Amino acid sequence: MQGNQAIAEGAIYAGARFYAGYPITPSSEIAEECSKKLPKLGGVYIQMEDEIASIAAVIGASLAGAKSFTATSGPGFSLMQENLGLAVMGEVPCVVVDVQRAGPSTGLATRPAQSDIMQIRWGRHGDQSVIALCPASVRECFTLTVTAFNFAERYRVPVVLMPDEIVGHMRENVEVPAPGELEVVDRKRPSGSPADYKPFKADEDGVAPLAAYGGEYVFHVSSSMHGLDGYSNNDPANAAWRVRQLHEKIDRHRDEIVLTKSFDTDDMDVLLVTLGATTRSGRAAAIEARRQGVRAGVLQLQTVWPFPDREVAELGRRAKMVVVPEMNYSGQVAGEVRKAVGPDMDLRRVNRYNGTIITPQDILAVMLGAR
Amino acid sequence: MEHRMTTESKHVEVILAGTGGQGLILSGILLAEAAILEGKNVVQTQSYGIASRGGLSLAEVIIDTGEIVFQQVQKPDCILVLTEEATKKYETWAAKGVPILYDSTLVNARTDPNFTGYAFTQTASDMGNALSVNILALGTVTAKTGVVKMETLEEMIRKRFKGAAVEMNLKMLAVGRDLAGR
């Protein structure tokens with residue numbers, strides 16, 4: 001199965017029944033798969049006129065009660081930012097897949113990159129937070145898509161799944177999880193009287209139940225600052241509460257949201273911090289380094305946002321050197337790792353930004369080379 | 001030079017390279033899926049340009065009895081090249097003992113003993129099916145290397161194609177297999 005196909009299958013497994021999108025390399029196979037499968041499941045596939053309309057349709061469908069998603073790549077993801085902000089502000093559960101390709105702009109349409117990491121976190125104006133997950137294998141394309149929907153539904157937040165082109169287009173043999181094998185979370189629904197329903201009145205867990213448009217609960221969702229009832233409210237105390245709440249519902253559940261995997265980190269002098277396809281380059285480099293007598297381990301960031309700073313810091317304390325391979329020029333992950341490990345750590349970057357893959361040899365050269 | 005990996009080999013890496021439109025990524029997928037049918041772990045990756053015709057296009061297939069950590073080919077066991085551009089990209093591997101099968105219709109003749117030329121495109125054209133050169137060449141690669149069983153590949157073709165395309169592709173595969181014996 002291909003990575004992109006596994007994302008579509010994972011979404012369907014998670015209960016997604018609405019896809020609106022505009023095809024773009026290297027994400028188009030997700031749209032193709034959804035166009036074949038969703039109508040047969042009573043779901044909806046719509047090819048929209050562009051990415052702005054796509055995310056708008058996804059938000060509308062989600063508010064009408066459907067688990068909804070879209071898939072795109074850099075240029076389309078840029079167009080989605082404004083409405084993605086609306087999804088944050090309106091606390092609309094949805095999943096956006098950004099299969100990362102090399103930019104800037106339309107860049108290298110068929111080549112991989114990991115250069116949207118900061119755009120995923122900060123691409124929208126205003127003070128807000130999202131969750132982002134990054135798969136490194138076809139199996140993870142499936143499982144992390146299910147997790148993405150679960151997080152979106154549980155925390156009423158857009159979740160970005162951020163495979164790179166390599167992982168999206170890669171084919172591997174995978175055992176598709178059986179129904180019931182993976183947990184599937186559905187959003188909380190209101191149970192009280194429709195007249196008393198407040199769409200932004202959070203429960204103890206920081207998340208408010210969400211009704212569906214078209215039912216007996218009539219409610220308002222606005223991109224402007226609003227109160228518990230969803231109607232405009234410009235009171236400073238209300239604004240402060242809203243912004244805090246949008247962050248806190250994620251921060252409070254940070255330990256459930258932050259997912260990492262470690263390989264050979266029990267005894268190590270060198271820690272590799274990786275995500276997506278570079279995880280596999282990193283693991284191959286670490287295996288070779290151990291063969292050459294250098295004890296190396298790998299921390300794979302499955303969750304990229306919120307950033308796994310504590311996990312990086314904890315393993316970083318046990319290492320003499322930290323190496324961050326990533327397919328971008330600017331060291332978007334390395335900057336976050338630096339914050340976590342402090343200014344004194346021997347932190348080395350391995351960057352490629354020409355649309356080609358970081359090899360284990362690239363990493364070994366930096367890891368084993370003199371400072 | 002005979003270089004048989006056999007279906008019992010633990011770890012095998014294959015590169016299929018040519019130009020966009022020759023269908024080599026499909027060949028890679030068929031090879032990968034055949035190996036899965038034989039119970040192996042497989043990773044198949046690809047690289048191509050923005051045009052649907054032309055430009056370097058390639059598929060990589062890694063087959064292993066255990067976990068495949070790095071997803072890209074590091075040391076190929078066999079390379080198929082269908083254009084001069086692809087041949088130039090990989091020809092240094094021949095000096096390192098890697099067998100390279102090239103399309104003598106489209107690629108200038110090579111003298112290194114690790115190169116073997118086959119008239120893939122000419123043969124496919126003579127059969128009135130130039131577009132099936134990918135399946136024909138896959139038949140040669142498979143027969144030459146034994147990386148998967150020919151029967152498994154035939155099973156994949158029956159699964160993948162419909163109607164008249166099944167027989168036509170099975171025929172191209174068989175012609176490719178027979179080319180390898182020459």
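This is a short tour of a predicted two-chain model, with something to select at each stop.

**Before you start.** Residues are counted from 1 along each chain as its sequence is written, and chains are lettered from A and ligands numbered from 1 in the order in which they are written. Because the model is predicted, local features need pLDDT of at least 70 and side-chain atom pairs count only at pLDDT 80 or more, while totals for chains, interfaces and linings use all residues.

**Stop 1: colour chain B by confidence.** pLDDT is the predictor's confidence in each residue, from 0 to 100. Chain B has a mean pLDDT of 93, with 95% of its residues at 70 or more. For the complex, the predictor gives an ipTM of 0.91 and a pTM of 0.95.

Stop 2: The C-alpha trace of chain A spans about 70 × 45 × 40 Å along its principal axes. Buried residues (20 or more other C-beta atoms within 10 Å of their own, with C-beta atoms placed from the backbone) make up 52% of the 371 residues in chain A.

**Stop 3: select residues 51-63 of chain A.** This is helix α3, with 13 residues. From first C-alpha to last, α3(A) reaches 18 Å, close to the 18 Å expected at 1.5 Å a residue (the rule is 1.5 Å times one less than the number of residues). Its buried residues include A:Ile55, A:Val58 and A:Ile59. What covers the buried residues of α3(A)? Show β1 (18-21), β2 (44-47), β3 (68-72), α4 (74-89) and β4 (94-98) of chain A, which are among the covering elements. Just after the helix, A:Gly65 takes a positive phi of about 110°.

**Stop 4: bring chain B back.** Here 16 residues of chain A are in contact with 16 residues of chain B (C-beta atoms, placed from the backbone, within 7 Å). Which element gives the largest share of chain A's side? That is α10(A), with five residues.

**Stop 5: zoom in on β9 of chain A.** Strand β9(A) is joined by two bridges to strand β2 (residues 41-47) of chain B, and the two run antiparallel (strands pair if DSSP finds at least two bridges between them). To finish, click on A:Glu172: opposite stands B:Val43 in β2(B).

Methods: Two residues are in contact if their C-beta atoms, placed from the backbone, lie within 7 Å. Helices (H or I, at least four residues) and strands (E, at least two) are DSSP runs, numbered from the N terminus. A residue is buried if 20 or more other C-beta atoms lie within 10 Å of its own, exposed if 12 or fewer, and partly exposed in between; C-beta atoms are placed from the backbone.
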